[in-house]
Amino acid sequence: MHERAAEFADRARDRYGVDLDVSEFGSGTETAAAAAEAIGCETAAIASTIVVALAGSNRDGDLVAAITSGANRLDLDAVANHYGAETASMADPGDIRSVVGWSIGGVPPICHDTALPITVDPTLTHYDVVHAAAGTPSAVFAVEPDRLVDLANADVVDLTE
């Protein structure tokens, strides 16, 4: 197992007391469509963690995470509105790595270096199991949506287009 995927699994066990079954794929799972194809599930059952930077209204530089269904597109205006910011934009990859602790393409929905406010797309709750990144672009884990919401201490909010 890749070192970062093993680190993710160890963090999940240490922080949350859960043993997550991490799967790795040689072809990579960088996009929701690629992940769904590799796993053999619907694209909508892919839980993509997107880190967003807020600006304005005393929120300058704050990072938040939105866990969206792979079939949906995040609405940055809705994110800004939800958090009371003037604007929201995709976070800088360097900021994601330094604050969240993971690199784009492999950002898991849990086990972040810094606690972030997190939302979960309600579309994911329609599935028995969803699949999320596990620390690398080619590692994923399966989890029940309700369990994911609990582990991430997230709010279920539709922030998609």
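Tutor: Phe8, Trp102 and Phe141 form one aromatic cluster. The model is predicted, so local features need pLDDT of at least 70, side-chain atom pairs count only at pLDDT 80 or more, and totals for chains, interfaces and linings use all residues. Residues are numbered from 1 along each chain as its sequence is written, and side-chain values use heavy atoms, with hydrogens and water left out.

Student: Which type of aromatic pair do Phe8 and Trp102 form?

Tutor: Rings of Phe, Tyr and Trp (its six-membered ring) pair if their centres lie within 6.5 Å; planes under 30 degrees apart count as stacked, over 60 as edge-to-face and the rest as tilted. For Phe8 and Trp102, the centres are 6.2 Å apart and the planes stand at 75°, making the pair edge-to-face.

Student: Which type of pair do the rings of Phe8 and Phe141 form?

Tutor: Phe8 in helix H1 and Phe141 in strand S7 are 133 residues apart (helices, H or I, of at least four residues and strands, E, of at least two are DSSP runs, numbered from the N terminus). Their ring centres are 5.1 Å apart and their planes are at 35°, so the pair is tilted.

Student: Is Trp102 buried or exposed?

Tutor: Buried means under 20% relative accessible area, exposed over 50%, and partly exposed in between (1.4 Å probe, protein chains only). Trp102 has a relative accessibility of 0%, so Trp102 counts as buried.
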